[in-house]
Amino acid sequence: MSTTSTTDTTTSHRVVTVAASAARRAALEEAILPAIVALLVAAIVGDILILSFGQNPGTVYRLLLEGTWGNAYGLGQVLYKATTLSFTGLAVAVGLRAGLFNIGAESQLAAGGFAAAMVGLILPSGLPALVTLPVYLVAAAIGGGVVGGIPGVLKARFGAHEVITTIMLNFVVLALLNYFVAAHMRVADSLHTAEIHAGALPPLSAFVSGFHGSAANVVILVALLAAIVTGWFLFRTRRGFELRATGLQPLAAEYGGVDVRSVWWRAMALSGALAGMGGLNYVLGYKHYYEDAFASGAGFLGIAVAIVGRNHPLGVVLAALVFATMSQGGLAVNAVVPKQMVDVLQAVVIIAVAASVPEVRRMLRRGR
Amino acid sequence: MSGVESNATAAPAIRLADIHKSFGPVLANRGASLEVARGEIHALVGENGAGKSTLMRVLSGMYAAESGVMEVNGRDAAGWSTAAAIDAGVGMVHQHFMLVPTLTVAENVTLGRELTKNGQLDRHRAEREVAELSRATGLAVRPERLVADLSVGEAQRVEILKTLYRGAKILILDEPTAVLSPPEIAELWQVLRQMRARGETIVLITHKLDEVMEISDAITVMRHGRTVGHLNTSETTPAEIAKAMVGRDVQLAMNYLAEQRPAERTDSGHVTESTPLLEVRNLVVNDVRRLTAVDAVSFGIAAGEILGIAGVEGNGQTELLEALAGLREVRGGTIEIARRDVTPLSVKERGDAGLSHIPEDRHARGLILDYSIAENLILGQQHRFTRGVRLDNERIQENARVQIDAFDIRPPDASVPARALSGGNQQKIVIAREMSRAFQVLLAAQPTRGVDVGAIEFIHARLREARDAGKAILLVSADLAEILALSDRIAVMYGGKFATVMPRSQASEEVLGPYMTGATSGRGHAA
Amino acid sequence: MIIIAFLVQTLRIAIPYLFAAIGGVVSERSGLIAIGLEGYMLSGAFCGALASYYSGSAWVGLLGAMAGGIAVALLYAVTVIRFRADQVVVGIAINLLVIGATRFFLRLAFHSSANSPRVPGFGAEQSGTGVGALAHNPLIWWGIFAVPLMSWSLYRTPIGLWIRAVGEHPAAASSVGIRVNRVRYVAAAWSGMFAGLGGAYLALDQHQFSAEMTAGRGFIALAAVIFGRWDPFRAALACLLFAAAETLQIQLQGAQIIPSQFVEMIPYVLTIVALAGVVGRAVPPAALGKVAE
């Protein structure tokens with residue numbers, strides 16, 4: 001605290017500069033160390049689970065990697081899964097940057113996919129993807145944005161805690177969508193809508209034949225674009241500046257002329273919109289129809305992706321790849337050990353990161 | 001065994017020596033000591049942040065000291081737990097009450113010492129015992145009421161009852177009068193005197209000298225985490241205590257007085273008659289508990305004038321400033337900046353209307369600690385540093401270069417997070433930002449709190465420059481020397497109102513003191 | 001007769017909610033968010049079935065269920081108390097963990113990732129809807145008894161007082177010598193035990209564990225906790241209300257008056273309304289979700 005006044009100016013100056021660069025290094029370590037800890041813990045738990053099944057961990061891990069990054073189909077599936085997870089991860093990350101915990105990505109994802117499907121069923125068939133894609137994106141963003149915006153407004157207006165309202169709204173929205181599909185628009189003997197013919201989004205195998213058979217499609221490019229735009233918005237624009245300020249110190253943001261309540265609902269709506277856009281991946285990129293309960297946990301895994309990716313778009317994309325690899329890898333090893341092993345490991349990674357972040361932060365602060 | 005007894009009787013009630021306690025990089029206690037005889041009321045005085053509360057929390061077992069000697073009634077008590085402290089008869093009444101609002105008075109008093117019958121709480125006996133204790137001590141409160149429904153004065157009585165119920169023979173009170181009205185204070189003194197008569201020992205943490213003189217037998221003075229003096233109340237004067245409290249800063253205060261004598265400013269008379277830049281009329285503001293904190297306050301500040309508000313903290317200064325800044329709802333009255341009514345405007349709109357604000361708490365309000373120096377230097381003006389929807393990074397960096405240079409912010413690296421800076425340099429960021437924007441009216445709350453000497457002089461010089469450039473400045477400070485050094489006019493705030501407003505030439509510590517304690521009701525007394 | 005059948009079925013549906021909600025109340029009153037109730041229940045169901053299968057006794061199954069619930073709740077408590085991890089993140093992860101782990105160990109133990117074999121349970125598998133069916137399952141009576149028991153514990157015993165103090169103002173509790181974290185661990189263990197019994201009810205009533213058999217009941221219980229404003233009796237009433245709605249929907253199935261999905265929504269919509277404070281705001285314990293210190 002008093003370095004400047006007690007020592008002579010030149011040395012104190014150097015001291016502070018060194019402290020400053022140390023602070024930057026610590027910030028980087030703070031971002032990376034928990035992930036390393038988590039992977040180590042997951043590896044240990046994984047070993048135990050594999051051994052309990054009487055298998056050799058080395059063999060299983062090799063199988064897991066071969067089945068994912070080892071061939072084009074596996075890689076295509078990883079990319080497909082990472083696409084949805086990137087969207088839900090970005091959604092949760094934007095919320096957390098504003099200090100809000102959006103547990104509702106699951107239903108926002110579904111609502112986005114549903115909204116896009118509704119538009120798709122209306123649009124005349126044969127429209128090219130270049131025309132329909134923007135329309136679908138807007139529809140999905142509105143669908144997810146409305147579902148995300150409601151808890152945002154409830155918080156801004158009534159102070160209702162967004163964690164509980166988003167959890168509760170998940171059930172409400174999913175039941176509502178289930179009702180629409182089951183009661184009004186399903187194809188007989190299924191829980192999905194009729195096929196959408198307008199502007200099918202091409203699979204990646206249209207460009208790289210090796211991906212043939214995998215679900216990977218051009219929505220992955222939209223996901224990457226969304227990550228870049230989200231990063232640009234958060235770190236380069238005035239609204240992003242105000243959103244992050246609100247998340248870090250709401251009182252200081254208020255002092256800085258930010259309308260904190262309006263940031264809350266806007267951030268939740270934006271978060272919902274991002275999750276909603278993820279719905280395109282399944283609905284228009286893969287199946288070409290809306291199917292009930294297609295989200296199947298991708299929204300909840302978005303929380304994991306955001307936490308492990310430290311709420312940074314680049315981190316989110318990387319974490320999405322990691323979690324997608326695990327999900328796909330589970331299928332690859334299912335013949336040897338139950339694929340649920342990776343569900344356990346994913347949960348272990350989340351818990352380990354959540355538990356080691358405060359610990360690492362304290363360690364680094366003490367170290368200085 | 002009886003030998004030990006008598007030995008213990010001879011020992012002081014409390015002996016603390018060379019206590020060290022830090023919180024991360026902050027050294028709260030660095031060689032603090034305290035010796036209190038049995039059956040005395042002992043005042044522990046010092047400025048904000050002198051380490052008084054920390055030292056007493058160490059004694060009450062809440063914090064463990066890193067080193068030092070701690071004895072209670074001659075027995076080693078180093079590093080004990082709160083439970084052990086309570087068992088040994090040490091009880092503390094905290095500044096922020098340690099009461100559970102959703103529990104009843106009796107439940108709070110007996111918490112941790114519950115009376116049970118067959119494993120079940122004996123509610124009736126608890127209420128009976130608390131009622132008896134309440135009667136015996138004169139601390140009137142109904143045991144079955146919910147604490148959430150109590151007034152502040154009643155809540156404090158519950159706090160004291162809580163410690164007495166646990167058999168406290170040594171009672172520590174942390175700024176007990178900060179939240180009390182004068183009649184409640186008188187009642188409290190009554191209770192404390194009764195306790196002393198019963199042979200109990202009391203440590204009173206305070207920075208109000210009139211209280212010290214009225215109630216205490218002996219005084220320990222702390223400054224910057226160290227004990228700097230031990231005085232007997234009957235042999236000292238408030239001036240002597242004040243000198244010990246502020247120490248070197250008294251010299252500093254003399255320096256500011258030497259720097260400039262506002263009384264010599266001949267124009268101050270006509271300045272006040274010209275149109276005020278800031279005009280406040282009948283302002284009424286609530287505090288967090290929805291009680292009136294600012295009670296129909298009216299004043300104006302002219303261009304080229306500094307109005308200093310002196311007063312004990314918690315008399316409405318915080319709420320007044322927050323209301324002026326747009327951070328707290330105004331219940332009644334108007335605020336005008338340069339004849340424009342800004343009462344309905346938002347924080348941002350007031351900023352655009354020419355209001356600048358150095359907030360009281362830079363860590364909570366004034367800075368975003370994880371933002372870089374450059375980003376913090378535009379907080380509140382982010383809409384002015386844009387190109388389209390984008391932030392204009394070039395101008396932000398250029399602004400940072402200029403401000404870092406002009407205000408000598410260290411380290412001179414705009415990308416460093418504000419968290420990594422010393423308190424003085426953090427405050428320089430706030431000052432630089434608020435004084436470099438286009439403004440007509442500046443609200444400066446505690447502008448030099450927790451800042452080292454060099455930075456204080458620098459900040460004072462900037463405030464004077466702004467005044468001389470024709471700005472209207474409202475200065476709120478707990479440091480009377482600072483108020484006296486900078487202000488052209490001085491108001492004293494007490495109980496949500498201006499107890500007095502006078503030109504600097506008529507003001508001195510002696511004159512202002514009685515107004516600050518509410519001792520002078522009405523006017524005329526001062527001159 | 002119809003009314004009795006209605007009440008009996010409501011009660012049978014309500015019992016697992018009751019147990020979990022009772023656990024949720026004690027957890028949240030101590031300051032620990034109970035997002036993991038679903039996981040505690042599922043772990044209780046699985047461990048209960050496992051213990052019952054290997055011991056041949058449903059009573060041992062109950063012990064297993066309690067242990068399974070407690071183990072998961074303590075894992076949660078350790079990560080959020082000792083390691084100060086975010087309660088919401090860990091709570092969600094706990095649910096994912098238990099879903100994955102129960103399926104994994106189901107395959108390890110029984111070579112199926114969907115169902116366990118038949119295990120000893122309470123009553124006949126297809127017990128009727130008459131009052132007689134109630135007598136066979138002790139958990140129904142335990143569940144009913146758990147409500148006054150928890151209410152008594154919270155409001156009439158020292159530990160209950162400490163739990164309420166710790167969830168509301170931990171610093172105050174700590175200043176009078178109460179070990180805040182220890183109280184929270186106890187509360188977590190209780191919540192795991194009760195929620196585990198709720199899971200055991202499902203498994204032992206059906207004489208089988210099946211994957212994800214809790215099917216969101218933990219969240220309905222969480223809704224009941226909030227809708228019941230963190231009070232055991234009111235939470236129990238909320239559980240009965242939610243269960244009655246479900247019963248009504250089941251009994252009217254043929255009639256198609258209200259689509260089942262809308263009945264499913266009732267608990268969640270009511271909870272959102274309660275939180276938004278349209279009819280008297282639900283105010284959570286002040287220290288909920290905040291770690292000590």
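This is a predicted model: local features need pLDDT of at least 70, side-chain atom pairs count only at pLDDT 80 or more; totals for chains, interfaces and linings use all residues.

Mentor: S13(B) pairs with strand S14 of chain B, residues 292–302, in the antiparallel sense, and 7 bridges hold the pairing. At one place in this pairing, B:Pro276 stands opposite B:Ala302 of S14(B). The two strands, S13(B) and S14(B), form a hairpin, with 5 residues between them. In that turn, B:Arg290 has a positive phi of about 65 degrees. S13(B) also has strand S16 of chain B, residues 330–337, as a partner; these two run antiparallel and are joined by 6 bridges. Within this second pairing, B:Arg281 has B:Thr334 of S16(B) as its bridge partner.

For a helical counterpart, turn to chain C. There, helix H3 (residues 58–82) packs with helix H9 (residues 180–206) at an angle of about 140 degrees, the axes being 6 Å apart. H3(C) is therefore oblique to H9(C). The crossing of H3(C) past H9(C) is right-handed. In the contact of H3(C) with H9(C) there are 19 nonpolar, 8 polar and 1 charged residues.

Chain C also meets chain A: 35 residues of chain C are in contact with 39 residues of chain A. On the chain C side, helices H4 (87–110), H10 (217–227) and H12 (260–276) each supply at least two residues. H4(C) gives the largest share of that side, 14 residues. By class, the side of chain C that touches chain A has 23 nonpolar, 7 polar and 5 charged residues.

Key:
Residues are numbered from 1 along each chain as its sequence is written. Chains are lettered from A and ligands numbered from 1 in the order in which they are written. Two residues are in contact if their C-beta atoms, placed from the backbone, lie within 7 Å. Helices (H or I, at least four residues) and strands (E, at least two) are DSSP runs, numbered from the N terminus. Ala, Val, Leu, Ile, Met, Phe, Trp, Tyr, Cys and Pro count as nonpolar, Asp, Glu, Lys and Arg as charged, and the others, Gly among them, as polar. Axes are lines fitted to C-alpha atoms, for helices over the stretch in contact, and angles run from 0 to 180 degrees between N-to-C directions. Angles under 35 degrees count as roughly parallel, over 145 as roughly antiparallel, 65 to 115 as roughly perpendicular and the rest as oblique. A crossing is left-handed if the near helix is turned anticlockwise from the far one by less than a right angle, and right-handed if clockwise. Two strands pair if DSSP finds at least two bridges between them.
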